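Here is a friendly walk through selected features of one model. Please keep the sequence and the 3D view open as you read.

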Amino acid sequence: MSKTLRRRVGAAVALTASAALLLAGCAGGGADPASSEGGGSGEGSDQRIRLAMLQPPQTALSPFSDDATKLSRWSTAESLVRLNEDLEIEPLLATEWEQTDDLTWVFTIREGVTFHDGAALDAAAVENSLDQAAAADPVPRVLRGVTLDAAATGDLEVTITTDVPDPLLVNRLASAQLSIFSDAAYGDDGTVSPIGTGTGPFELTELSGTTTATLDRYEEYWGETAQAAGIDVSFVPDGAARAAALRSGEADVAETIPVSQASLLDETMAFEVQQSRTTYLALNTESGPFADPAVRAAAYAAIDPQVIVDTIYEGRADVAEGLIGPAIPWAADLRGDVEPTTEPADVEGVEIVLAAYTDRAELPEIAVRLEEQLEAAGFVVTQDVREYINMEDELLSGGFDSAIMSRNVLLDTGDPLSFEAADFTCEGGFNIARLCDPSVDQLVADGQPLPVGDDRQQATMDIEAAIMQLGAAVPIAHDRVVQGEAGTWTDVARDPLERRLITEFTRPAE
């Protein structure tokens, strides 16, 4: 069978090795900072943590972008509340809150907090941060679908109103994209600098482009003083290089070790946890061959996820039954019929472009396996593999027939229905599948106002079934991550939401 193979690899070193994904299960814990009142308690170490990160900053660490998660993983920026590993809301910079009507919430701000530049946290600073986020262009992803207005209604009281009833408002406020910064962070040109303007136990003191970042312990932190003297961050996109840094003693902690490299680590260095991340093949339902549901059904029938889990992931993942994985405990029991409802077409000689990005080491390897499986069914496959930053615009505009995506379905709000709305609706902000189906949009519209609980869970799974029956996506794997830890530090967080990594409780190993 004829085939064309085109690989365009971006400027950075192409990632080798097969899979390993983002982490789940908060481990290591220590005490909860939200339970600590007053700062400066405890004696810190003079040692620093050397951290190898997966992805370089895309927007100079703007909190209004996906870079925001780096700020929370380094414990330099904090939001009003946060989600714990059980997807429950905990106090952080707000100590309590109350919903007073369908559109209005009142938050009490923690007393005695100072920003890294010495300014005091008060209601006016919170109002400014939230208003800056709401006015940003583009708006932070966590705010898509709702407009909020914040007003200081007391020295330590903020009243937040929304344009529509929003059962997920408090969940949204737990996002790192809505972290609170001092007024000095915000430039007149719309830029936001988190350097020296956050509230966390570590102060970001320097960012060197896309290569390194430096953080120092903030001695006046409102909670427990950080155990580490600071964090020295290196951005190392190559998974093999991250693993090598761990083995050689050049890194204490390394994000997302590829499976092929994990086997080279001492078992005491590799920590595997189930993740709320799903890898799936998005099919362009708007244009090209996959605009035909019968061709989509043929792709679904051709793909064998078990082979990919066994070979690329070396068993360190779960075969995906749907888009919502086992990290969400109620998903399997509520899952409906996820088989495409259209009979597969004859696809002999149908030419398709298969896109994958190199930022996640396993995706190019998955592309090779998918090409084999799809060509065995008759497709003629052209691969296009690059760094994500060099293909995002094309992905979002429908420039590819199909694309391998890796998505944390709880990333923004801890709510998988929000993931479905972003990825599979007409107005979805991350709709790589270009799906615009009235029945799916109606299910999402009906589900979004529901409060967190049983009805919202069932709505989530009904939406999944509708998406799958249309053949807009082929689920491949529910990922686990291998996080590398050299054993030099303990209480490194292992977080299913990818929001925490180094905390004030991360301390030198004894």
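The report below covers a sheet, a pair of helices and a pocket.

## About the model

This is a predicted model, in which local features need pLDDT of at least 70 and side-chain atom pairs count only at pLDDT 80 or more, while totals for chains, interfaces and linings use all residues. Residues are numbered from 1 along each chain as its sequence is written, and side-chain values use heavy atoms, with hydrogens and water left out.

Helices (H or I, at least four residues) and strands (E, at least two) are DSSP runs numbered from the N terminus.

## The four-stranded sheet

Let's begin with an open sheet of four strands, ordered E4-E5-E7-E6 with antiparallel pairing; two strands pair if DSSP finds at least two bridges between them. Its edge strands, each pairing on one side only, are E4 and E6 (148–154). From one strand to the next the twist averages 25°; angles run from 0 to 180 degrees between N-to-C directions, and axes are lines fitted to C-alpha atoms, for helices over the stretch in contact.

E4 (residues 94–101) and E5 (residues 104–109) are antiparallel and joined by six bridges. They make a hairpin with two residues between them, and Trp97 has Phe107 in E5 as its bridge partner. Five bridges link E5 to the antiparallel strand E7 (residues 157–162), where Glu157 is the bridge partner of Thr108. Helix H2 (residues 123–135) lies across E5, E6 and E7, at about 170° to E6.

## Helices H11 and H12

Now turn to H11 (residues 416–424) and H12 (residues 438–447), whose axes come within 10 Å and cross at roughly 145°. Leu417, Ala421 and Phe424 of H11 meet Val440, Asp441, Val444 and Gly447 of H12, where contact means heavy atoms within 4.5 Å. By class, five nonpolar, one polar and one charged residues make up this contact; Ala, Val, Leu, Ile, Met, Phe, Trp, Tyr, Cys and Pro count as nonpolar, Asp, Glu, Lys and Arg as charged, and the others, Gly among them, as polar.

## The second largest pocket

H11 provides the largest share, five residues. By class, the lining has 17 nonpolar, eight polar and ten charged residues.
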